[in-house]
Amino acid sequence: MSFPRAMIPVTEFKQFTDHQPAFRVLKPWWDVFTDYIAIAMLMIGVFGCTLQVMQDKIICLPKRTSHHNLCSVPNQTLVNNSSSKYVPPTPLPLPSGSAEMKGLKTNLDLQQYSFINQMCYERALHWYAKYFPYLVLIHTLIFMLCSNFWFKFPGSSSKIEHFISILGKCFDSPWTTRALSEVSGENPEEKDTKGGEKNKEAQGLTVEEGNLVKTQSLRSIPEKIVVDKPAVSALDQKEGEQAKALFEKVKKFRLHVEEGDLLYSMYVRQTIIKVIKFVFIVVYNSILVSKVNFTVDCEVNIQEMTGYCKFSCNHTMAHLFSKLSICYLCFVSVYGLTCLYTLYWLFYRSLKEYSFEYVRHETGIDDIPDVKNDFAFMLHLIDQYDPLYSKRFAVFLSEVSENKLKQLNLNNEWTPDKLRQRLQTNSQNRLELQLFMLSGLPDTVFELTELQSLRLEIINNVTIPATIVQLEGLQELSLYQCSVKIHSAALAFLKENLKVLRVKFDDMRELPNWVYSLKSLEELHLQGSLSPDLTKNITLESLRELKNLKVLCIKSNLTKVPPSIVETSSHLQTLCIHNDGTKLVMLNGLKKLANLTELGLIHCDLERIPHAVFSLTNLQELDLKENNLRSVEEIISFQHCRKLTCLKMWYNSITNIPEHIKKLSSLECLYFNYNKIEVLPSHLFLCNKLRSLDLGHNDIRFIPPEIGVLQSLQDFCITGNKVESLPDELYFCKKLKTLRVGRNNLSVLSPKVGNLALLTLLELKGNHLEALPRELGDCRSLKRSGLLVEDALFDGLPCDVREQMKAE
C-alpha cells in the first residue's frame, strides 16, 4: 500500500527562522531560547500533521444492541449486496480437543468501513482531537511571526539593517583596534615614546597628558614632543578614509534614530502579543485536552447504506495526541514564562537611555555621549549578546577619537614636502605657510623648522602641541575663525618668541584668554563682532600685561575706546579702530596716548575730527577713512601736531578744503580722494613738503597753477574728476613718478610731459585725447606696462617711441 506524498518538509519554514547571521546581535538570550522552543513546537505540529496524512485517523465497527443493531433494514438490501458481500476465509481446522472461536459477522465490505470511518471522523470526533496538529502549527507560526516581525516591518527593518551594517564595520575597523589599544596603553609605539618624554621633561618641557589651556579633556590624544612618524603610518590612507566615512555615517544614523522610539514600541508590542497568545493557548488547551479520547461512540443515520447506525470507534492517534498536547503545553508554558520575563526586563529597566559610563571609565575616552530612544534600545540588546560590540562602537561616537583620526589622515595627506611647496614670503618679508579650511592642524607643520609665519584660516579643532618648540624662527601667528587649544609647553614657547598675532573671531568669548599672556608680543590684530550685551563690558583688561605691545588694531563694533588701551600709553605706538559703521563716542581717553605715532579711526561714523586727536603731539599719521565728515574746519588745530606727515581724509563727504590747511607745513602725504570737493584752494599748495597728493574721485574742474610749487611731489592723482586741462606748471614737478589723470575731460596732453623724466606710471584712460605727444619718449623710465591708455592712442605714437616703451 503506497502512502500519499503530502508530508510538509521542515525546509518550508526556514524563512521564519533563518535570518541574516548578523541579526543575531539584536537577539538577546531569551529570544534565542524562545526560538528554539518555537522550533520544538513546530516539530510537534509537523509530526502531528504528518501522522494525520499517513495513517488512518479512526477505525469504527458496528455496535451490537438488543436487535443486533439492524435498525429495521429490509432483507433485500442484504440480498442485493450479496454480490459484494465480504466472505471471510474458511477457518483452519483446530487441533483436537480445542473449542472453535468465532467472531461477529457484520456483512460489511471495506468500502463501507471506509465510509463509516469518514462519517464518524467528521460527525463524532471532537474538533480539538481532529485539528490539534494544525492548531499547534498555526500557533507556532504566529509565535515565530511575532518574534521576528520587527526584522521585517519596513519602518523598523531599515533602521536595524543600517545599524547592523554600521556596527559590523565599526567592530572590524582597524581604527577601532588602534584607538582602544592606545588609550589602554597597549600601543608599543606609545610605550617607546615614554622614555623620550621623561628625558624631555628633564629639559624643562611639560608633556603632561591633557594639560591644555582649553577645558575639554583630551586624555585619549597623547602629546609628543617629536612627531612620531611610525604612528602616522600605522594606519594607511585607505583605512583612514574608511574610518572617516564611518564617523559620518554614525553621526547621521544617530540623528535619525534618536528622533523616535519605533523599535522599542514594536518590540514591546510583539512581546505583549506573545504573552496574550500564550495565555489563550494554555487556557483553552487545558480545557480541551481531555476531549482527546481513545474510544468514541458514533451514531449516524447511515443504516440505508450499511445496515447499522451505531458504531464503536477507535481514535488511533488519541494516545499520541494526548501526550503531544501535554508536551506542547509544557513548551508553551516555558515560552510564556520567558515572554513574561522579557516584559519585566522591558518595563523594569530604562531602555530608552543608554550610558557609556563604563566604557568611558575603561577606555579613558571621556567625551563619549550617552544616547537615547531607539539608539539606546538597540545598544541594550547588543549588551545582552556581547558588551564588546558597544565598547568598540563607542569609539565612533567620540569627537576626540574622530579628531585623532583626522589628525592621522592630515599627517598622511600633508607631508612636509607638500607643505614646503606652499611656503611664501609675506608683506613683512617672513617665510609664511597658509593653511585654509582643513579639518585640523597637521603635525607635519612642526617639521618645517625654517617657518617664520603660520596662518590658519577657518580650521576647527586646532590644537597647538608642544612640538611647536621646533619652530625656533616662528614670530608671527594668524588665527582666522579657528577654535584653538594650546599645550602648556607651546604656550610657554609663544610667550617668549611670538611677535605678531592676528585673531579673527565671531564672538568675543571665542577670543583665547592666553592671548593676553604673550609678554613678547609687539603687534596684536583683533577682528570680530561683539554682541550688544558684551559691548558695555569690553575693557580688554588684560592688555595692560602686554608690556612690549607697540601696534594694536581692533576691527569690531565698539561704542567707546576701551579704557585698557589708555593703560598701554607708555609703549603703544600704533592704534587702529575699524568700527564697521558703529558710532564711536567718548574719545577723550585718546589724549593720554602721548606716544602714539599712528592713529586710525575707520568707519566710526564720525561727523567731526575728534578734538582729542589734536593733543597727540607725537602723531605722524592720521587715518579717518569712511566716516561722515563734511567739514574739516578744525584742521587748523593740527598745527600743534608738528610731527604730522600723513593725513588721510578719504571716503568721506567733504565739500571743501579750508585755506588754513597751509598751516600744516609738515605734511608729506595728503589723501582727499572719494569726497565731494569742487574747488581746490591755492593755499593747499603751500604745503611744499607734499610728496603724495590724492584728489581722485571728486568734482574738481580746475587745477591751480600753484601746483608747480610742490617740487617734492612724487605721486599725484586726480582720477575721476572733471578736469579739462592740466596746468603747465604741473610739469615743473620734476620728481613726479606717478601721475594719474584718468577718467577726466582732457582733450590734449601737453608735450611738456617730457620734462617728467622720472615718470614710471601715467594713467590717461577715460579722457577725450586724440593723440599722444611724441615727447613721451623723453620719459625714459616710462614703460608700456606703466602707460595706462587706450591701445589706439598708443599705436598712434611714433615707432621709435613705442619700441622704446616696449623694451625692458
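Mentor: Start with strand β1, residues 58–62: I58, C60 and P62 make up its covered face, while I59 and L61 lie on the uncovered one. Keep in mind that this is a predicted model.

Trainee: Why do side chains in a strand fall on two faces?

Mentor: In a regular strand the side chains alternate between the two faces of the sheet.

Trainee: How do you know that β1 is paired with β3?

Mentor: Pairing requires at least two bridges. Five bridges join β1 to β3 (residues 310–315), and the two run antiparallel. Within this pair, I59 stands opposite N314 of β3.

Trainee: What makes β1 an edge strand?

Mentor: The sheet is open, with three strands in the order β1-β3-β2 and antiparallel pairing. β1 and β2 (295–299) each pair on one side only, and they are the edge strands. From one strand to the next, the twist averages 30°. Helix α4 (residues 110–123) lies across β1, β2 and β3, at about 115° to β1.

Trainee: Why is S325 called buried?

Mentor: The cut-off for buried is under 20% relative accessible area. S325 has 1%, so it counts as buried. This residue is in helix α13, residues 318–348. Beyond four places in sequence, S325 touches Y128, F132 and V289.

Trainee: What makes the S325 and S322 pair a polar contact?

Mentor: The distance limit is 3.5 Å between N or O atoms. A polar atom of the S325 side chain lies 2.7 Å from the backbone oxygen of S322, which is within that limit.

Trainee: How far apart are S325 and V136 in sequence and in space?

Mentor: They are 189 residues apart in sequence, and their C-alpha atoms are 8.7 Å apart.

Trainee: Is L433 buried or exposed, and how do you know?

Mentor: Its relative accessible area is 0%, so L433 is buried. L433 belongs to strand β7, residues 431–436. Its contacts beyond four places in sequence include L419, V445 and L454. L433 and L419 are 14 residues apart in sequence and 7.7 Å apart from C-alpha to C-alpha.

Trainee: Which residues have a pLDDT under 50?

Mentor: Two such stretches are residues 72–92, with eight contacts beyond four places in sequence, and residues 94–99, with three. Where pLDDT is low, the predicted coordinates should not be read in detail. The protein as a whole averages a pLDDT of 80, and 83% of the residues score at least 70.

Note on methods
Residues numbered from 1 in each chain as written. Heavy atoms only, no water. Buried < 20%, exposed > 50% of the residue type's maximum accessible area, 1.4 Å probe, protein only. Helix = DSSP H or I, 4+ residues; strand = E, 2+ residues; numbered from the N terminus. Contact = heavy atoms within 4.5 Å. Polar contact = N/O pair within 3.5 Å; in protein donor to acceptor, adjacent residues only side chain to side chain. pLDDT = per-residue confidence, 0-100. Axes fitted to C-alpha atoms, helices over the stretch in contact; angles between N-to-C directions.
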